[in-house]
Every structure is written in structure tokens, then in C-alpha cells.
Amino acid sequence: MTDNPKTSPIKDSRVLGITSLGLAVILFLSINVLSESVIKGVQFDLTEKALYTLSDGTKETLEAVKEPITIRFFSTRQLTETTPGLTAYGERVQELLERYVSLSKGVLKLELVDPEPFSPDEDRAVGFGLSGVPISEAGDLGYFGVAATNTTDDKDVIPFLTPQREQFLEYDLTRMINNLANPKKKVIALVSGLPIDSDPLKQYKPWALIDQLRQFFEVRAQGLTPKITDDIDLLMIVHPFGLSDASLYAIDQYVLRGGKLMVFVDPYAEEGGRSNQALRLPAGLGSHMPRLFKSWGIKFDRDKVLGDLKAGQRVQAGVDPFGRPIITRYVAWTSYGPENINSSDVTTSQLRLVNFGTPGFIEVNKGAAITVEPLITSTEASGPFDAMMVRRNPKPAEILKEFKPKNQRYILAARLSGNVKTAFPNGRPKGGKEKDREDKKGTEKKKSHLSESEKPLNVIVVADTDFMADLFWVQTQDLFGQKVIVPTANNADFIVNAADNLSGTSSLINLRSRGLSARPFELVQKIQNEAENKFRAKERSLVGELEEVEKKIQELQTNKRAKGAAVLSPEQQAEIDKFRARVMEIRRELRRVQLDLRRDIDNLDSQLKFINIAAMPIGVTLVAIVVALVLRNRKRGRAAG
């Protein structure tokens, strides 16, 4: 028995086709199963700023977490579905949290909660302190926040995930996890030449800033003698005048070992001197640390005050001969808004107003190896002037008269980072008897001398101390017999943010703002603007001509009424008819121009939709057709052979 040569190839091709189809289905299912179990975490981030790629700082933080942490993402579906932008943002938050859980190797647990009104889940959201927003006329509330807890019932909450803070989403989530993994309060060593903290004899009250810091940190006041122990997370130096070489050396070595530092210097600490004249502190003198600043690559002139004509506050400067108050601009007291505040740094991104009082300014030395990131800068209408003009009976009107702006911006606050060398190349300074006694007592462990930094510098420098005082950022009100602190500026927020950022791990400090996931189509906008400008010019020309013609018609009709004529002459009527015909023609041209503008934009939109929706399937189809033709020709060639 032999096969029929005419039917055998057909049967073979049918069997081959069915077998191929079956294998394709099996292969498809296998790939899906494999992707779920093996390559689920594989991602390719093609966004411009790697929005969906976690930073090394976050990965280090997750690797350091040892105890279980539960993260609860509260997202009311009715809120996200009715609020533009929240749906996409909610998806990004969920994807980011799932990525955290994946990298934590089971230490983190994620719960997705939809807290509907009057449900137990809403009670949980309220219990965690999440902020609700109205979602109905009946007053129902929706929630969009994150609450996390650890095994010891410590909690950390983001009350509401505002899209305006999207670029800091990774920082906020990583900071939350780091706080729960290390729940103990961070320690701030406060070295101050001003009476900003209360003393045991209660001679003066602490500034409101200190009370606010103590809500988040353990603050250890040390006067002007720093005691830098191993448990200190942040060293905060305020108005450092008269620091001994031993103290400067201790600060220098602390920074070189990777210690975090905030420094507040001032050409004239006026508010500090007023707060406690009984102590007779030389607060009116300028403070600086030239030796350390030089080694860090910056400089500060303690005898120069920075004035700002545009940002100067209006103050009362005495009275005139008639007893009326004289209101003038005081260029030494300044207020800065978002245009002068760095929006890309986590410490300043949410600040809206910061007030300064007789500040100085920070300059960067030529050839400095460090990176200086300005946090707050002046306007172009600023410039320095002699500090003696404010130290002795300052007269705002006279200062304003003599003030000369330099048409440049100056740095009032900056973040310093990078590797530096010691300010004491010859080692520990001699004659530090007080320091030697401390070492003998064992209050501070003696360490080997460092000639350069072991870890990159982490320092924030601010050229003012008065902005920390109550006068410049807070008001005290009496509410039912109790004193209530009402902030009028974000001065304290800046300091708390900076302390929170610096006192964290180096991985948190290195986290910077990321880009926004909702980004405009810049090329599309450019094309739209060009088309709009092209037609708007013609539109403005036609509108101007239309107004001119209508004005002439109005004049003819007004002249007719003034002359008391009941009937227009044929010449007048012909003139009015001509103008009215021109009005109709102009209106038709105007509609045509507006239609052309709309048509160009719609055509562009259609082209983009075609490219995004149809081009890819068409391309795949063409490739498939070409492949099919090639295979068929090969089969025909083999059959013919």
C-alpha cells in the first residue's frame, strides 16, 4: 500500500498546522505561568527620570529592615474615580508599594483598603489620623493616605497623598519605613551662643522652635562646649562665637567621620540679644567659623548684612512731626516665597514663606571641590551693606536711602556635600586642657585623627539666626485662657525638615526629588503654540478692523441723531451698508481663522492617535504578511524541487 502523492502533502500540512497551533497555545500558557512565578519582578523603566526605578538609598533602607512592618494603603474608590489625576496617581502609589514589598523579601506586608463611608475601614482610617475630604453633598468623606505600623505598635502616617508632592513620594515612603524600623527618637546636640533654650534657673523661656523640635527629637542643650558622643544623630550649632580650637577640632572630626551638621551663623543676632539682656551675651556681634568654612569651600562675612529691596518688609520707623507713623521698607528684614525657595530639595519643597532678620550670605570659594546646593536665595534686587548700620540704633529709612542693590542673587541657606580635608592638618590643637580633661574622664572616646573625610560631607548652613526667633515666624494668641501658637511663616518647618532629613540614614539624605509621572506632551504643546500664534496674529488684526468699522457705523448714527434727521440721505445709507457688509465679511474671516486653528490642532490629535493606536498593529500585520509570503515562496521552491 502506497500513499497518494496528491493528497499526502495536504494532510501533512494540516497536521503540521494543528500541531503548531496546539504548541503555540501551550507555549503561551507556559510563558504566563513562568512570568508569574519567575520573572514577575523583572521591569524595564524607560521613563526620562527613571520614575519607577527605586533608588539605591531605598534599597539600602529595605535591606536594613529586620522586623515586620505592615503598610496600609487607604484609597476610597469613589474619591479616586471622581478626582482628576488621583486614579493614575493611586496606581503609581500601589505599584511602588508592591515593589517595596517585593524587595523586602517578606518583611513588609501590604494591605489595600477601600474605606467606604460609615464602614469599619473608615473607622480604621480615622483612628490612624488620615485626612478625609468630602466626596458627596451629604458630607461623606473619602481617604487617600498611607498608615504603617511595626510589631511594637509604633505608627507612621501620611495623612493624604497629595499629587503636588508626587516627586517626593519615594522619599516619604522610605522615610516612613526607616522611622518604623528605628522607632527611637533621634538625638540633636544643640550648641548655641544664644538663649534659645530655657535654663535651670528659669531666667528665660525657650523659643517656640525648641518646643517644636522636642516633639520629634531629643534635644540636648550644651551651651558653647560641644559634647559629641556616639549616640548623637545631628549636631546643631547656633551663633557660634568664641568657640575654642578644641571645640572646632571636635566638630571638624565629627563631620569628617560622616556626622550630620546644621550651622546657623549671623552678622547680627538682634533677636537673640533682646531675648535676654540680663545674660549680657555679645549677641550683637557677628558669628562665624572661618577655619571650618574655608576647609569646606565656603566663606561668610560676619560684618556684612544682606539687604533686599524687593523682599524687604514694611515696618514702622518712628513718627513724623505731626505724630503720624512713618511706614517704610526695611531691606534688612526680608520675606521670601516659592520663587526664591528650592522646590527640588525635600527640606524646602513645601515651604511657601520664610522670613529673615538682618541675615548674612554664603559665598562659594573658587575651585571648591564640594557641591553647594542653594536652598533659599535672595532676589536680584539685593546686596550687602555694613553690619554697623543695624548694630547701633538701626534707622530703616536711612538704610533704604543709602542701600544699593548689586543685581545678583545671594545664598541665604545651602546644603553642602562632597569630600573635604580637615581644617587641622597638624592634628589635635595643643593647649586644649578642657578637652584633655574630658578625654581623661572618659566622657568622649578618643579617636584617631582624620586628615580627610571618611564619608561625604552632610551639612546645611544658614546665614541667619533671627529667623528662628518667635518674632519672625509665629504669633501667640489667647484662646479660652490658653496660649496658642499660630505660625505665620514656614521658618520652623524648614528647620524641622532639615533636622529630620539630616538625622536620618545616609540613604535617606541622598534621596532627591523624582520627576512627575504626569508629564505634558512638550512637542505637542510646542506645535500647538506655533499654530495658535500663526492664527492669533490674523485674528487680532481682524478684531481690530472689526472694532474700527463698528466705531465708524456708530459715529454715522450718532451724527444722524445729533442733526435730528429722520431719514438718512442715500449717501449716508450707502456708507452704512458698506460698513455693515464689511462687518459680515470680517466675521466670516474670523470664523474661518478660528476654524483653521481648531482644524490644525484636531489634525495633529488625529495623527497622534493614529500613530499610537493603529501604527503598531499595522506594522505587525505588514511584517506578518511579509513573513508569510517568504515562507510560501520557500515552500513552493521546495515543492518545485
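Colleague: Ground rules before we start?

Modeller: The model is predicted, so local features need pLDDT of at least 70 and side-chain atom pairs count only at pLDDT 80 or more, while totals for chains, interfaces and linings use all residues. Residues are numbered from 1 along each chain as its sequence is written, and side-chain values use heavy atoms, with hydrogens and water left out.

Colleague: OK, strand S4. How many of its residues are buried?

Modeller: In S4 (residues 141–150), 9 of the 10 residues are buried. Buried means under 20% relative accessible area, exposed over 50%, and partly exposed in between, using a 1.4 Å probe and protein chains only. Strands are DSSP runs of E with at least two residues, helices are runs of H or I with at least four, and both are numbered from the N terminus.

Colleague: Which way do S1 and S4 run, parallel or antiparallel?

Modeller: Antiparallel, with 7 bridges joining S1 (residues 69–75) to S4. Two strands pair if DSSP finds at least two bridges between them. Ser 75 has Phe 144 of S4 as its bridge partner.

Colleague: And how many bridges join S3 to S4?

Modeller: There are 3, again antiparallel, from S3 (residues 132–134). Gly 132 is bridged to Tyr 143 in S4. The S3 and S4 hairpin has 6 residues between the strands, and Gly 139 there takes a positive phi near 95°.

Colleague: What about S4 and S5? How many bridges?

Modeller: S4 pairs with S5 (residues 155–158) over 4 bridges, in the antiparallel sense. Ala 147 stands opposite Val 157 in S5. That hairpin has 4 residues between its strands, and Asp 153 in the turn has a positive phi of about 65°.

Colleague: Thr 358 has a positive phi too. Where is it?

Modeller: Thr 358 sits in the loop between S14 (354–357) and S15 (362–364). Its phi is about 45°, although it is not a glycine. Thr 358 is buried, at a relative accessible area of 0%.

Colleague: And Asn 393, buried or exposed?

Modeller: Asn 393 is exposed, with a relative accessible area of 58%. Its phi is near 50°. Asn 393 is found in the loop between H11 (388–391) and H12 (396–402).

Colleague: New topic. How far does helix H8 reach?

Modeller: H8 (residues 245–256) has 12 residues and reaches 16 Å from its first C-alpha to its last, close to the 16 Å expected at 1.5 Å a residue. The expected span is 1.5 Å times one less than the number of residues. In H8, 11 of the 12 residues are buried, including Asp 252 and Gln 253. Just after H8, Gly 258 takes a positive phi of about 100°.

Colleague: How many salt bridges?

Modeller: The count comes to 14. A salt bridge is a side-chain nitrogen of Lys or Arg within 4 Å of a carboxyl oxygen of Asp or Glu. One of them joins Asp 303 and Arg 391, with the closest N and O atoms 3.3 Å apart. That pair links distant parts of the chain, 88 residues apart: Asp 303 in the loop between S10 (298–300) and S11 (304–308), Arg 391 in H11. Asp 303 is partly exposed at 38% relative accessibility, whereas Arg 391 is buried at 19%.

Colleague: Which residues share partners in a network?

Modeller: Arg 72, Glu 111, Asp 121 and Arg 124 are joined into one network.

Colleague: Now rings. How many aromatic pairs?

Modeller: The count is 15 aromatic pairs. Rings of Phe, Tyr and Trp (its six-membered ring) pair if their centres lie within 6.5 Å; planes under 30 degrees apart count as stacked, over 60 as edge-to-face and the rest as tilted. Trp 333 and Phe 472 form an edge-to-face pair, 5.2 Å centre to centre with 75° between the planes. Trp 333 lies in S13 (residues 325–336) and Phe 472 in the loop between S19 (457–462) and S20 (474–479), so the pair ties together parts 139 residues apart in sequence. Both residues are buried.

Colleague: Last one. Which residues make the nonpolar surface patch?

Modeller: Phe 610, Ile 611, Ile 618, Leu 622, Ile 625 and Leu 629 make a patch of about 560 Å². Patches are made of residues with over 30% relative accessible area and no salt bridge; like charges are joined within 9 Å, nonpolar side chains (Val, Leu, Ile, Met, Phe, Trp, Tyr) within 5 Å. Areas come from the Shrake-Rupley method with a 1.4 Å probe, and for residues only the protein chains shown count as cover. Ile 618 is in H17 (residues 570–640) and is partly exposed, at 40% relative accessibility.
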